[in-house]
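Please look over the sequence and the structure shown here before reading on.

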Amino acid sequence: QVQLVESGGGLVQAGGSLRLSCAASGRTFSTYAMGWFRQAPGKEREFVAAISWTGGSTYYLDSVKGRFTISRDSAKNTVYLQMNSLKPEDTAVYYCAASTTTTPRTAGDVGSWGQGTQVTVSS
């Protein structure tokens with residue numbers, strides 16, 4: 001099972017940017033499709049973005065399309081989430097996710113979770 005460690009969260013003003021990173025352990029990173037989910041207080045965890053094994057396909061929550069970009073660097077065993085034009089409603093704990101069976105777009109697709117990183121967007 002892959003181990004995932006997120007970093008890059010923090011406090012930012014509305015309209016600002018953050019880049020989240022998720023470092024994966026092991027030498028089989030290329031066999032995992034990766035994703036990002038988020039969970040705001042009192043709400044269910046929701047899908048944000050996902051990227052296929054090869055990086056050739058990406059998927060996004062409608063409300064982040066055009067603002068967020070997911071990418072992966074197999075040489076560094078790392079997946080990124082570049083977040084631009086942040087809004088207060090983007091405030092949540094962001095979780096990195098990995099799957100060996102499908103590109104993860106629901107919590108049920110996920111085989112491994114990171115510990116989460118807090119993103120807070122002030123208005």
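The questions and answers below go through this predicted model, from the whole chain to single residues.

Q: What radius of gyration does the chain have, against that of a compact globule?
A: The C-alpha trace spans about 40 × 30 × 25 Å along its principal axes. For 123 residues, a compact globule would have a radius of gyration near 14 Å, and the value for the chain agrees with this, since it is 13 Å.

Q: Which strands stand at the edges of the open sheet of four strands?
A: The order of strands in this sheet is β1-β3-β8-β7, and the pairing is antiparallel. From one strand to the next, the twist averages 15 degrees. An edge strand has a single partner, so one of its sides is left without a neighbour in the sheet, and the strands placed in this way are β1 (4-7) and β7.

Q: In β8, which residue is the bridge partner of S21?
A: The strands β3 and β8 run antiparallel and are joined by six bridges. In β8, the residue that partners S21 is Y80.

Q: Which residues touch the most other members of the largest nonpolar core?
A: This core has 29 residues. At least two residues come from each of β3 (18-24), β4 (33-39), β5 (46-51), β7 (68-73), β8 (78-83), β9 (92-99) and β11 (117-122). Apart from it lies another core, of five residues, which include F47, A50, A97 and V110. Within the largest core, the residues that touch the most other members are M34, W36, L81, M83 and Y94.

Q: Which residues is M83 in contact with, leaving aside its neighbours within four places in sequence?
A: M83 is one of the residues that touch the most other members of the largest nonpolar core. Leaving aside neighbours within four places in sequence, the contacts of M83 are G16, S17, L18, L20, R67, F68, Y94 and V119.

Q: How many of the eight residues of β9 are buried?
A: β9 pairs with β4 in the antiparallel sense over seven bridges, and F37 stands opposite Y95. β9 also pairs with β11 in the antiparallel sense, over three bridges, while two bridges join β9 to strand β10 (residues 112-113). The strand is largely enclosed by the rest of the structure, because the number of its eight residues that are buried is seven.

Q: Is N77 buried or exposed?
A: N77 lies in the loop between β7 and β8. Leaving aside neighbours within four places in sequence, N77 is in contact with C22, A23, A24, G26 and F29. The relative accessible area of N77 is 18%, and a residue under 20% counts as buried, so N77 is buried.

Q: How far does the backbone nitrogen of I70 lie from a polar atom of the side chain of Y60?
A: Y60 lies in strand β6 (residues 58-60). Not counting residues up to four places away in sequence, Y60 touches F47, V48, A49, K65, F68, T69 and I70. Between a polar atom of the Y60 side chain and the backbone nitrogen of I70, the distance is 2.9 Å.

Key. Residues numbered from 1 in each chain as written. Predicted model: local features only at pLDDT ≥ 70, side-chain atom pairs only at ≥ 80, totals over all residues. Heavy atoms only, no water. Core = buried A, V, L, I, M, F, W, Y, C linked by side-chain atoms within 4.5 Å. Buried < 20%, exposed > 50% of the residue type's maximum accessible area, 1.4 Å probe, protein only. Contact = heavy atoms within 4.5 Å. Polar contact = N/O pair within 3.5 Å; in protein donor to acceptor, adjacent residues only side chain to side chain. Pairing = 2+ DSSP bridges. Axes fitted to C-alpha atoms, helices over the stretch in contact; angles between N-to-C directions. Rg over C-alpha atoms; globule rule 2.2 N^0.38 Å.
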